[in-house]
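Subject: Structure handover

Hello,

Here is the structure I promised to pass on. Please keep it open while you read the notes.

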Amino acid sequence: MNIEELTKSQKEKISEFGVNTWYVLEILNEYENAPDSVSDYWKKFFESLEINIEKNKKQINGKGKTVIGQKSITNIKDIEDAVPIRGAGVKIIENMDSSLSIPVATSLRTISVKVLEENRRIINNYFQKTGSGKISYTHLAGWAIIKALEKIPSLNFAFGVINNEPQVIKRKDINIGLAIDLIKKDGSRSLIVPNIKKVNTLNFKEFFDAYNDIISRSKINKIEISDFQDTTISLTNPGTLGTVSSNPRLMVGQGAIIATGSIDYPSGFQGATGDVISKLGISKIMNITSTYDHRIIQGAESGLFLKRMNELLIGEDNFYENIFEDLKIPTKPVLWQADNNPDDFSGINNLNEIEKQAKAIQLINMFRVRGHLLSNLDPLNPKAQYHKELDPVTYGFTVWDYDREFITDGLGGFRTAKLRDILDMLHQTYCENIGVEYKHIQD
């Protein structure tokens, strides 16, 4: 059944799904061919619209004409190939046209993802041991949006007209829409934007589970009507396709849409060696855009929102500590610090570099002495332990040192290793679920 075959009231009801209308029309076609093949939710919805599932024999007017832009023509001899846009495609065009009625503006911020990368790696290492799946950058970016709205709530508002008077709709709850790229059976791609309801009431573990549930149900065509309703703000991630930055369309009823770009080193360093990258302390970056309804949101608010996201993603206000606690990860996250590597690049001949190498050996030795103090020995109540002498920060190391090589004093049979790998070996050997202490044993 095509959109043109529906009555005006049926079109209006289906149009409420906005960018997801194409998905609703595909479900409608399934319902038309086999009513029992769709879920009870969709069946009741179509029944409420009084959809006639008998094949509609009406012909569409205007056959034989070609429209380029807004002009109809009948001579198509100069057109090599023309494929009619019908059904869901027509509705997508209508949605894009309606989105043009929103006066939008876009803010852009480039952020360093060094701390984000390191903490994502720690979480995934823990998940691998516990069989808990895998966390993506988008999980963490989505959570940063939710927490940033606590400080800048206006991006969750909407524009409306009540009694012919423009209004700002101040929403208390956050229903975050997730733009999901689906590959259809014919190989074409389309976008749906279901949402997670009331994410402001969830902790990170609950958000992580709800996010994964939405993704998995989208892939197996199990999205329900309620998943599309009442979206307040959206997250889209064109970075998965390599897009550096994007200004996505804002749908009617939402205050803002946030887009995350690809994660990579700045273009001038993408050809540099790993040694140069680590020596200079160069971080990968990610562009984030905020496209917002300028009728109710000002540029300063959008800019402050992206600033807040940046603060959270580099670890301010216990952002990662709270995530680790919600996930019951019994270790401390990596925090943001300025790089303190010596400016003199003469390597081991530099006195500061020699001192830093010695500090690495000192850190390794201290884990051999007191590493057991970080052990997670209570399976019923796992929590992060802390001891100052086992904290790399105590020895002057920062997140920028994680990619740099240090002397290992024979740890793991290596002569040198990256600080990240040294810490992994130390935790696996002396901490985790078995605490190993042998340096204090006299006999």
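Predicted model: local features only at pLDDT ≥ 70, side-chain atom pairs only at ≥ 80, totals over all residues.

Numbering starts from 1 along each chain as its sequence is written, and side-chain values use heavy atoms, with hydrogens and water left out.

**Whole protein**
The protein has 12 helices and 14 strands. These are DSSP runs numbered from the N terminus: helices are H or I, at least four residues, and strands are E, at least two. Of the 443 residues, 43% are buried (under 20% relative accessible area, 1.4 Å probe, protein chains only). Take the contacts (heavy atoms within 4.5 Å) with a separation of 6 or more: 64% are between residues 24 or more positions apart.

**Helix 7**
Helix 7 covers residues 204–219, 16 residues in total. Its first and last C-alpha atoms are 23 Å apart, close to the expected 22 Å (1.5 Å times one less than its number of residues). N203 caps the N-terminal end, with a side-chain oxygen 3.1 Å from the backbone nitrogen of K205. After the helix comes N221, with a positive phi near 60°. The buried residues of helix 7 include F204, F207, F208 and Y211.

**S262**
S262 sits in strand 11, residues 256–264. S262 is buried, at 18% relative accessible area. Leaving out residues up to four places away in sequence, S262 touches G239, G242, T243, V244, I285 and M286.

Best wishes

Methods:
Buried < 20%, exposed > 50% of the residue type's maximum accessible area, 1.4 Å probe, protein only. Polar contact = N/O pair within 3.5 Å; in protein donor to acceptor, adjacent residues only side chain to side chain.
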